Amino acid sequence: MMKKKSISASKASLVFFLCQMISALDVPLDLSQPPTITQQSPKDYIVDPRENIVIQCEAKGKPPPSFSWTRNGTHFDIDKDELVTMKPNSGTLVINIMNGGKAEAYEGVYQCTARNERGAAISNNIVIRPSRSPLWTKEKLEPNQVREGDSLVLHCRPPVGLPPPIIFWMDNAFQRLPQSERVSQGLNGDLYFSNVQPEDTREDYICYARFNHTQTIQQKQPISVKVFSMDSLNDTIAANLSDTDIYGAKPVTERPPILLTPTGTTSNKVELRGNVLLLECIAAGLPTPVIRWIKEGGELPANRTFFENFKKTLKIVDVSEADSGNYKCIARNILGSTHHVISVTVKAAPYWITAPRNLVLSPGEDGSLICRANGNPKPSISWLSNGVPIAIAPEDPSRKVDGDTIIFSAVQERSSAVYQCNASNEYGYLLANAFVNVLAEPPRILTPANKLYQVILDSPALIDCAYFGSPKPEIEWFKGVKGSILRGNEYVFHDNGTLEIPVAQKDSSGTYTCVARNELGKIQNEVQLEVKDPTLIIKQPEYKVIQRYGHVSFECIIKHDSTLIPTVIWLKDNDELPDDERFLVGKDNLTIMNVTDKDDGTYTCIVNTTLDSVSASAVLTVVARPNPPFDLELTGQLERSIELSWIPGDENNSPITSFVIEYEDGLHEPGVWHYQTEVPGSQTTVQLKLSPYVNYSFRVIAVNEIGRSQPSEPSEQYLTKSANPDENPSNVQGIGSEPDNLVITWESLKGFQSNGPGLQYKVSWRQKDVDDEWTSVVVANVSKYIVSGTPTFVPYEIKVQALNDLGYAPEPSEVIGHSGEDLPMVAPGNVQVHVINSTLAKVHWDPVPLKSVRGHLQGYKVYYWKVQSLSRRSKRHIEKKILTFRGNKTFGMLPGLEPYSSYKLNVRVVNGKGEGPASPDKVFKTPEGVPSSPSFLKITNPTLDSLTLEWGSPTHPNGILISYILKFQPINNTHELGPLVEIRIPANESSLILKNLNYSTRYKFYFNAQTSVGSGSQITEEAVTIMDEAMASRQVDIATQGWFIGLMCAVALLILILLIVCFIRRNKGGKYPVKEKEDAHADPEIQPMKEDDGTFGEYRLFSFVSSAPF
């Protein structure tokens, strides 16, 4: 969430301009002018009787005015009262009360007159009244004895003060009495109870009245209230009344609403325009009524309507005549409703439509003063001249009165005067002074010369030309020293001389000349205008959500005119940042370290220059795990259920998604908390199922997206009554551990499942499918019982029933178990083997009879092992292998056999006790297979035309070897392979000399062995025949020749020069794409070699790994 606000200086300038327009006719103080009242005390002036009374009256004029006062309509002679003085050069009166005067003696209506040779201005009638804070009258207050549920009004009746006091109710400890929908204070200060409750009983209901002017508080004597419930009332009167009377006393009953204030069904209210309208309805009833307000035939005014005092008070601010009408309050509870209609009439004291304004005229000119006001009822207008009703004022032939207007024609200097307009009705009056000043003056420009105006681009530019002259001068504007007169839609010319450029652009900058002229003269003034770039926030702070104790940063990056100096300030919730070292203000950011809950709020970056101001705001939301719930309450206690309610803690800006309820069993597992249930986060009550014989305590944990809260404080404990067990043990099994026993096991009940003390188990069993009675035994709280002397592996019906001191659990279900197993007695028969290939065989057998298994048939195990290899007669260690086939399977595959070998196998049946006897060994043989690769291949004794090969026989011949196959081919200098030659070698050979080979040639050899089945995997090697000795010596001679050495040096020098040139070009011209050019112009015949290089690279790697000699 982010908001941005920009404040241009143009708005401030526009306000300044409007103020200038109002004062555009102000006469310079060095010219003659009638008096103008500049400051006066309020019409209704309440003063502190302990302090001096200061009645203000300030005025200006030329010559400076003199001052006089009237009191209660007659002249007030200040010189005759030593306690009254007038400030020098002022009309302000100071009445010295602190030197023995009494404020009451100076109560009255005062009016100030400021007078000079050109006229007289008068002030409002100022009513002086000293504030009063009288004491409460002594009264004997009887205790209030009230029946529970009845209504009650405690009257305050404060003393009449000036101004009226502020009323509030407190107790003896100076603590405000709590108020609610049921108990509240009315507008008259009384305390209303819609219905009383026993907790309202107290002896210190005290009404206080605070008088702000004198800073005093008066206290009424305490009022006592005693609330009687019907039970206590019956006990009180039981001795004096008959049984019929006692039981005839009604209990607390619910009642429909009735209005305590206002009374009746209708009332009237008059309020003045602009004031605050307060309407009140307070009702009695049980349950406490709820108040609702409507306006008949209309809507309550939006944005001006407020509800106070638990909706018992309707408040409408700044009322107008349109707010007149009927307002209905409706009080409602479950038994009914009542209502009251208040007819509101809005009257209005006089208010200005057009107030008269000072008039400056030159001799012979015409003009007028206009005084228009409105009100309800409509006010009457009267005129005065220099403080005297115009009807008895000196005659002026240039003046004519026409109702609310005075018209002046061909005025002369003697026509100068101050006129007063009085608009009044029964609710008040308005008084305005306006002078007529007759002057003959050439133009003056009051704006300083060469004044510099600076504005922001695209905002209005207001260039001032304050002037004065009589007659009123004409104003013209020019741009530049020799510019033409400004005209057109892009300019606005105001009556006060101001030039407005509505949308200033960069080319609007420059020199502007203002010319003022009338018939008495001409004057001009030059000013300067500069248009600046606006200040912008180009990176605004953004909405952040941060966990408590984390770090957060808001950015505020700005762009501004280079000639303006910006200042950046940060605010939190429109106030200064906290004085905390965790707040770090950087050049363009604000960082908050170790964020806490109190840091939550709106952060605003404000950038100010002398011309504009911009701001941007972002909200920081601090989230955390919720606070733990509190005020856990248990209600609706039943044997098997209870209702738990709680109040959620603060969710810390992350909504609570769920509540987890846990319980503790203080009887069986004190200190251990178990999960009970989970409810949605909108739920604050839950009905919990309970088990008997558990001492419950509950706690609640709140969960939000951040995590889980701390657990709440435990609730009160609740012990449920004992009962028979509800359930029996689970997971009952019967499995023998020996051939002659039956071990019965079960999962014991948990403590809270016992439902009562003395938990035991009744264990019962009987052999299945045999007509036997149940055998039973009762055991303590254990989880196993062993039955001895049973037949081997027979089925039993088993059941385990829980019981406690109060009785048995429901009848348990039966389970089937078996007594102990013994080893199988019979081996599988008819074992057959079918050889599929040299490494795989399939074995079959007949199943054994189930009775001979003597336990749970788990499957069959096949043991097989290699006796010997048919190609070798050497003895070797016999390693048996085992394959297990689950269930009642009667065949299986034997993988991983070795070719040309002799094997034996047998088969055994398996149960839970172990393996039975083995079947007779079955012999089978595997056929020949292809051999493995020869164990090694070595190439030795290289000569010019021969190589010697030696090899080892295969590690696994897998049959009878019949021969070896040798293949070889030459490899030329370009790594191309020559023709392939193949030689078959007898199986009994282990070496071979190859002759007639080419000298200095590399050969590649491929070597493998063969059986009658086929060829095995091959082994490869490479070798080189040696070089011719004469050719080798010639090459050595060339390498030692001087010319050859010189050639090599020249080549090296050339390469060095080339590298230097490349380096220089790289530094001058950027990167020198040598690699790219080489790739682009690579020899296409060479490119396939890359693939060959890769292949041979892998081959060489293989050759290296195989450590082939060269």
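Helices (H or I, at least four residues) and strands (E, at least two) are DSSP runs, numbered from the N terminus. This is a predicted model, where local features need pLDDT of at least 70, side-chain atom pairs count only at pLDDT 80 or more, and totals for chains, interfaces and linings use all residues. Residues are numbered from 1 along each chain as its sequence is written, and side-chain values use heavy atoms, leaving out hydrogens and water.

**View 1. Ile-1057 sits in helix H6.** Helix H6 covers residues 1042-1069, and Ile-1057 is in it.

**View 2. Five strands make an open sheet.** Read across, the order is E30-E38-E37-E33-E34, and the pairing is mixed. Strands E30 (359-361) and E34 (388-389) are at the edges with a single partner strand each, so one side of each has no neighbour in the sheet. Two strands pair if DSSP finds at least two bridges between them.

**View 3. Here E33 meets E34.** Strand E33 (residues 380-385) pairs with E34 in the antiparallel sense, over two bridges. Look for Leu-384: its bridge partner in E34 is Pro-389.

**View 4. Two spans come from the UniProt record.** The unreviewed entry lists "domain: Ig-like" for several spans, including 256-347 and 534-621; such annotations may be inferred rather than shown by experiment. Residues 256-347 are 0% helix and 62% strand, with end C-alpha atoms 37 Å apart. For residues 534-621, the figures are 0% helix, 55% strand and 32 Å between the end C-alpha atoms.
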